[in-house]
Amino acid sequence: MFARLSAQTASRSVHQLSRTTIQARFASTNATAVQSNTKHITAFTAAAAGATGLGYLYMTSTVSANLADDGLHVAKHPWSHRGLTETFDHASIRRGYQVYKEVCSACHTLNLIAWRNLVGVSHSTEEAKAMALEVEYTDGPNDQGEMFQRPGKLSDYFPRPYPNDEAARASNAGALPPDLSLITKARHGGDDYIFSLLTGYCDAPAGVEVREGLSYNPYFPGGAIAMARVLYDDLVEYEDGTPATASQMAKDVVTFLSWAAEPEHDERKKLGMKAMIILVSLTGLSIWLKRFKWSTLKTRKIVYSPPHH
């Protein structure tokens, strides 16, 4: 009987050992398979990423050895409104509007600026109304269903030099003069680029051919620009007596266009300064309050007095 029990026990031990061995081998096989699959997935992902990167570099490899393709790099100028706490030079804005009106408005639009935007910035209410009255606007229809002409008012936007884009192209050899409302934001380099472009006209260097009807400007991508030079010394007569040099007019009109792209510039900086003062004050107050509230807990002492026997 004892022999039979020993045999059964031995048989069970053998079966358990075999089952354990099989499970261990199965687990080892699974671990190996998982590691192999992980390696395959990692290799495939790396290969796909590498192929995508090489394809992107191949498709976008448009680097040119000719620096004229991107235009000459513009220099930084010390604009009065560039600092964190600096505001626009409003006298320069007024002079810049005069340059825009007498020179730039013949071809370029300023669709996002109305006469009322000038009030309190560069002109008084009476001056802005007087300038608006000088322009005739098409309005209507009237009671007879017909359009009519009326004098301008403060709510009207600056007039367009051409009735439509096709007329503008026809008058400029197929080139459409861009709207100047956001031009300082829409061009890389901003104010510096516009200033350099206006003052950078020169003769084309040797070996560079410029087609008829185009002008050479090294700051313009490609060098050939459809807009001819428009700023010359004493082209306008400033009412405040400022000498109207080409660089002075370029500086003033760029300041005006920078304001036109961001009329809320000064108010935004004033509001930001107020917000910073309030936040700094509240931060200091919160630090003092935290130290006051926690001072009793952080400065208390726990004294242990052992019992006297």
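Biologist: What does the secondary structure of the protein chain come to?

Modeller: In this predicted model, the protein chain has eight helices and four strands. From the N terminus on, the order of the elements is α-α-α-β-β-α-α-α-β-β-α-α.

Biologist: How much of the protein chain do buried residues make up?

Modeller: Of the 309 residues in the protein chain, 26% are buried.

Biologist: And what share of the contacts with a separation of 6 or more comes from residues 24 or more positions apart?

Modeller: Such residues account for 61% of those contacts.

Biologist: Let us turn to the largest nonpolar core. Which residues touch the most other members?

Modeller: They are W115, F158 and F256, in a core of 42 residues. The helices α2 (90-102), α3 (125-133), α6 (190-199) and α7 (246-261) each supply at least two residues of this core. The largest share, eight residues, comes from α7. As general background, nonpolar side chains tend to be buried together in soluble globular proteins.

Biologist: Which residues is F158 in contact with, leaving aside its neighbours within four places in sequence?

Modeller: F158 is then in contact with Y97, Y100, L110, I113, A114, W115, L118, Y137 and F256. Two of these, W115 and F256, are named with F158 as touching the most other core members.

Biologist: How do the axes of α2 and α7 cross?

Modeller: The two axes come within 7 Å and cross at roughly 100 degrees. Angles of 65 to 115 degrees count as roughly perpendicular, so α2 is roughly perpendicular to α7.

Biologist: Which residues make that contact?

Modeller: On α2, they are S92, I93, R95, G96, Y97, V99 and Y100. On α7, they are Q248, M249, K251, D252, V253, T255, F256 and W259. By class, the contact of α2 with α7 has eight nonpolar, four polar and three charged residues.

Biologist: What is H265 in contact with, beyond its neighbours within four places in sequence?

Modeller: H265 is in contact with H81, E86, T87 and F88.

Key:
Residues numbered from 1 in each chain as written. Predicted model: local features only at pLDDT ≥ 70, side-chain atom pairs only at ≥ 80, totals over all residues. Heavy atoms only, no water. Core = buried A, V, L, I, M, F, W, Y, C linked by side-chain atoms within 4.5 Å. Buried < 20%, exposed > 50% of the residue type's maximum accessible area, 1.4 Å probe, protein only. Contact = heavy atoms within 4.5 Å. Axes fitted to C-alpha atoms, helices over the stretch in contact; angles between N-to-C directions. Parallel < 35°, antiparallel > 145°, perpendicular 65-115°, else oblique. Nonpolar A, V, L, I, M, F, W, Y, C, P; charged D, E, K, R; others polar.
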